[in-house]
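Thanks for coming. I'll keep this short, so please have the viewer open and follow along.

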Amino acid sequence: MAKKKVLIVDDSALVRQMLTEMISGDPDLEVVGTAADPFAAREKIKALNPDVITLDVEMPRMDGVTFLENLMRLRPTPVVMVSSLTQKGAEVTLRALELGAVDFVAKPKIDLAGTLKQYADELLAKVKMAAGANVTRRIGSVPAVAPKLSADAVLPSQQRARILRTTEKIIAIGASTGGTEALRELLSAMPPDAPAIVISQHIPAAFSKPFAERLDKTCAMKVFHAEDGQYILPGHVYVAPGDHHLLIERDGARYVCRLSNGPPVNRHRPSVDVMFRSVAQKVGPNAIGVILTGMGDDGARGLKEMLEAGAHTVAQDEASSVVWGMPGSVAHAGLCSAVLPLDQIAPRAVRLFAGGRS
């Protein structure tokens with residue numbers, strides 16, 4: 001199989017060198033060129049026809065987002081953004097994902113040599129995933145993942161207990177790669193009086209609050225960056241902080257958010273499996289579980305527990321997913337009540353909780 005061709009665009013010569021060394025060490029990838037700014041990158045793209053581009057967010061002469069917008073309009077190409085983990089970096093990166101970037105990684109921290117191996121592993125995984133994505137149809141393929149911790153590390157499984165009767169409903173949504181835009185589209189279609197929604201999106205801690213604030217501006221429901229002990233109310237959305245698991249607990253007949261800094265599960269914190277397990281245990285048949293686009297299989301085990309507890313379960317279909325890893329894993333295992341295009345998920349959830357036919 002031919003190596004995937006990578007073009008690195010960054011104004012820092014040191015970062016270009018670091019990324020080149022990391023990517024060139026993988027037998028499936030080849031760095032075919034580098035560019036210090038978008039103008040040089042434009043000529044390299046024409047000459048080298050890369051399969052994927054790593055693109056710096058902040059560059060002289062033209063910023064990465066402006067270049068990305070032009071690129072996606074004229075020559076759609078899989079792009080992984082390289083972003084600083086700052087408030088400004090978060091806002092710009094979320095805009096890049098909106099414009100069509102497949103994923104993002106943080107800027108490599110040159111002074112922390114001990115973390116470079118972990119950084120390289122993340123970079124390579126995301127570049128490979130992006131190289132397999134069709135940015136026109138937004139479809140990707142996902143390699144097998146290594147063994148990892150299960151939700152037992154944070155929340156032990158238990159015999160299904162009798163759940164206190166309540167009329168309150170919850171929609172629990174898990175997402176990863178491509179999820180920021182999928183969630184924006186899904187939530188924009190929800191009415192202001194929809195059942196409460198809880199979300200675990202794989203996202204860095206510095207990005208989760210700006211992400212919640214961005215969602216709040218684009219949908220009729222009120223969106224919160226979830227806080228420990230916060231009551232879960234209809235018409236409200238609760239986004240897990242990027243460095244905590246989000247669990248749902250009961251306070252009598254009411255639901256509350258509970259945050260946990262337990263170990264990463266499936267290499268993620270927040271983990272979808274952890275949230276789904278808590279929903280299965282505390283909400284049961286009064287819930288709908290939704291798996292959106294994402295790399296890996298986080299959420300599959302938790303969704304199975306939700307299904308066994310009587311909840312409806314839905315997976316995003318392959319054609320509308322950036323990466324059909326997480327939803328694909330539950331679809332292939334038969335763990336979802338329905339596999340739907342993204343634009344049909346919100347109407348289905350509303351109908352189900354309104355007593356409509358599934």
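Start at Arg348. Arg348 counts as buried, at 17% relative accessibility. Buried here means under 20% relative accessible area, exposed means over 50%, and partly exposed is in between, with a 1.4 Å probe and protein chains only. Arg348 sits in helix H11, residues 342-353. Helices are DSSP runs of H or I with at least four residues, strands are E runs of at least two, and both are numbered from the N terminus. From Arg348 to Ala338 is 10 residues in sequence and 9.5 Å in space, C-alpha to C-alpha.

A word on the ground rules. This is a predicted model, where local features need pLDDT of at least 70 and side-chain atom pairs count only at pLDDT 80 or more, while totals for chains, interfaces and linings use all residues. Residues are numbered from 1 along each chain as its sequence is written, and side-chain values use heavy atoms, with hydrogens and water left out.

Now the whole chain. The secondary structure comes to 11 helices and 15 strands. The radius of gyration is 20 Å, close to the 21 Å from the globule rule for 358 residues, so the chain is as compact as a globular protein of that length. That radius is taken over C-alpha atoms, and the rule is 2.2 Å times the number of residues to the power 0.38. Along the principal axes, the C-alpha atoms fill a box of roughly 65 × 40 × 40 Å. Of the 358 residues, 53% are buried.

Contacts next. A contact means heavy atoms within 4.5 Å. Take the contacts with a separation of 6 or more: 72% of them are between residues 24 or more positions apart.

Charges, briefly. There are 41 positive and 39 negative side chains, and the centres of the two sets lie 4 Å apart. Lys and Arg count as positive, Asp and Glu as negative; His and the chain ends are not counted. Each charge is placed at NZ of Lys, CZ of Arg, CG of Asp or CD of Glu.

On to helix H8. How many of the 11 residues of H8 are buried? The count is 10, so H8 is largely enclosed by the rest of the structure. Among them are Asp273, Arg277 and Gln281. What do the buried residues of H8 pack against? Four strands are E6 (170-175), E7 (196-201), E11 (245-251) and E13 (287-291). Helices H9 (300-308) and H10 (326-332) are in that list too. Just after H8, Gly284 takes a positive phi of about 60 degrees.

Look at the start of H8. A side-chain oxygen of Ser271 comes within 3.2 Å of the backbone nitrogen of Asp273. Ser271 itself is in the loop between strand E12 (254-260) and helix H8 (272-282). Ser271 counts as buried, at 0% relative accessibility. Beyond its neighbours within four places in sequence, Ser271 touches Ser200, His245, Val265, Asn266 and Asp298.

Most residues other than glycine have a negative phi, and most peptide bonds are trans. Pro270 is in the loop between E12 and H8. The peptide bond from Arg269 to Pro270 is cis, with omega near 15 degrees. Asn266 is not a glycine, yet has a positive phi of about 55 degrees. Arg267 also has a positive phi, near 70 degrees. Arg267 is exposed, at 52%.

Next, strand E13. Ile291 is in E13 and counts as buried, at 0% relative accessibility. Setting aside neighbours within four places in sequence, its contacts include Val272, Phe276, Leu303, Met326 and Val330. Ile291 and Val239 are 52 residues apart along the chain, with their C-alpha atoms separated by 15 Å.

Last stop, Ser83. Ser83 is in strand E4, residues 79-83. Ser83 is buried, with a relative accessible area of 1%. A polar atom of the Ser83 side chain lies 3.3 Å from the backbone oxygen of Gly89.

How values were computed: A polar contact is a pair of N or O atoms within 3.5 Å; within protein, one must be able to donate a hydrogen and the other to accept it, and residues adjacent in sequence count only if both atoms are side-chain atoms.
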